[in-house]
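The terms are defined where they are used.

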Amino acid sequence: MFAMLTYYHQYIYYLYRKLVSFTNEARSDDLKLTHWQRIDKKKQLSQDDSTASSDQYPFSKFDKKILIVFYNDEEYNALLQDANWTREETDYLMSLCLEFDLRWIVITDRYEYPNMTRTMEDLKDRYFQINRKLSSSRTSNPTLTSQYKFDKDRETERKRHLELLFTRTVEQIREEEALVYELRRRERHEAHWAKEREAMVKIFSLNGDFRGPADNDAAADGKFKKKKTGKEEEGYVEEPVRKERLTAGVYLRGARLATHRPGSKAVVQTRVAGLLDEIGVGQKPLLPTQKVGQRFDDLKNQIWQLLEIKRQIDKLQHDLSVLQNKRDDKKRKR
C-alpha cells in the first residue's frame, strides 16, 4: 500500500513537470544542464519545445561581482611602486582579490607567494593603498578616496586587544565584572554623595565662612595676621555680638532658642538632647539672656557637627570593611 502511494505521488509530481535544458548566464562556457520545470497552465510547453527553456535561470541573479580597480604599467611605475612589494606579487594579490571577491579570510588562507609570508593586515594595507592612489589620480572626488582609508597599526592593535579579551581566565572575568558592578554602583550613588558633601560644607560653614586647607595653612603661616588693638594687648577680648532681627510685640527671649534643627531627623534630635543632659546643660538654659542664648545655640551647632562627622566616619569605615572583605575573598580564591 505504501509503495502504491509513493508511486502515485511520483506520478502526480512528474505529470505537471517536464525536463528542460537551461544555460546559466553566470557561466562563460555555455554549459547546458537539465532540470524539471513546472508546467504553467497559461503557457503550456509544446512537445517540440519540451527540451528548451527561454526563461532566464533564476539563480543567476545572485552572481554578483565586486568591481576591482586595476592599473596599467604607466600608473604602476608612477604611483604604485613600493619597496616591500614587487610588481609580480602585487598582480598576484589583485588576482586573488578578484577571484575571491575581497573575502580577506579566504584570500589570506590562499595566499601562497613564493618565499613571502604576509598577514591579513599587510594584504589589506596594500590593496587599499592601491585604490587610494588610483582614485585620487583618476577622479577629484574626496568622498571616493575616503572610502579606501585603512589604518594598519590600529587594526593590528584592535585584534591584539580582542585576542587578550578572548584569552581571559575565569578569575579575570569575575574581577572585571566586580569592577564594572562597583563602577555602576558609584554612578548610581554619585548624586547622593554630592548632596552629602554639600551638607558637610554647610555644616562647617555655619559659624562663619568656610575655608579650605590652603586658607588654613596660610593662616598658620601668618599671612592673615590681624592687627591687635589696645584692649587685646591688655588681655581683654571683646566677644562678637550676634545681630538678631527684632520682631513686633512682646516675646520671651527663651522662645527664640532653636529647639530643633530644620531638616534633622528625630533620632538626631534625641541624641542632641541626650548629650545636653549628659554634660549638665539641659534642654534650655535657666537664664536665656542674649549672650547665654548665643552660647547655647553655638553649643548645639557644634554637637550637630560632631554627630554628622561621626555618621560620615561610620559610613566610611563600613565601606572600608566591605572592600577589605572583598579583597580577602579574592586572595583566598587565588
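Ala, Val, Leu, Ile, Met, Phe, Trp, Tyr, Cys and Pro count as nonpolar, Asp, Glu, Lys and Arg as charged, and the others, Gly among them, as polar. By that scheme, the lining of the second largest pocket divides into 5 nonpolar, 2 polar and 8 charged residues. The model is predicted: local features need pLDDT of at least 70 and side-chain atom pairs count only at pLDDT 80 or more, while totals for chains, interfaces and linings use all residues. Residues are numbered from 1 along each chain as its sequence is written, and side-chain values use heavy atoms, with hydrogens and water left out.

**Second largest pocket**
- A pocket is an open set of points on a 1 Å grid over the protein atoms alone, where a 1.4 Å probe fits, with protein on both sides within 12 Å along at least five of seven lines; lining residues have an atom within 4 Å of a point.
- The second largest pocket holds about 350 Å³ of space, a volume being the space filled by probe spheres set on the points.
- α8 (170–204) and α12 (290–333) are the elements that give two or more residues to its lining.
- α12 supplies the largest share of this lining, 8 residues.
- Of the 15 lining residues, Arg 186, Trp 193, Lys 315, Leu 316 and Asp 319 lie nearest the pocket centre.

**Fold and surface**
- The protein has 12 helices and 2 strands, taken as DSSP runs (helices H or I, at least four residues; strands E, at least two) numbered from the N terminus.
- Of the 334 residues, 21% are buried, meaning under 20% relative accessible area with a 1.4 Å probe, protein chains only.
- The accessible surface (Shrake-Rupley method, 1.4 Å probe) comes to about 26,900 Å², and 55% of that belongs to carbon and sulfur atoms.

Note on methods:
Buried means under 20% relative accessible area, exposed over 50%, partly exposed in between (1.4 Å probe, protein chains only).
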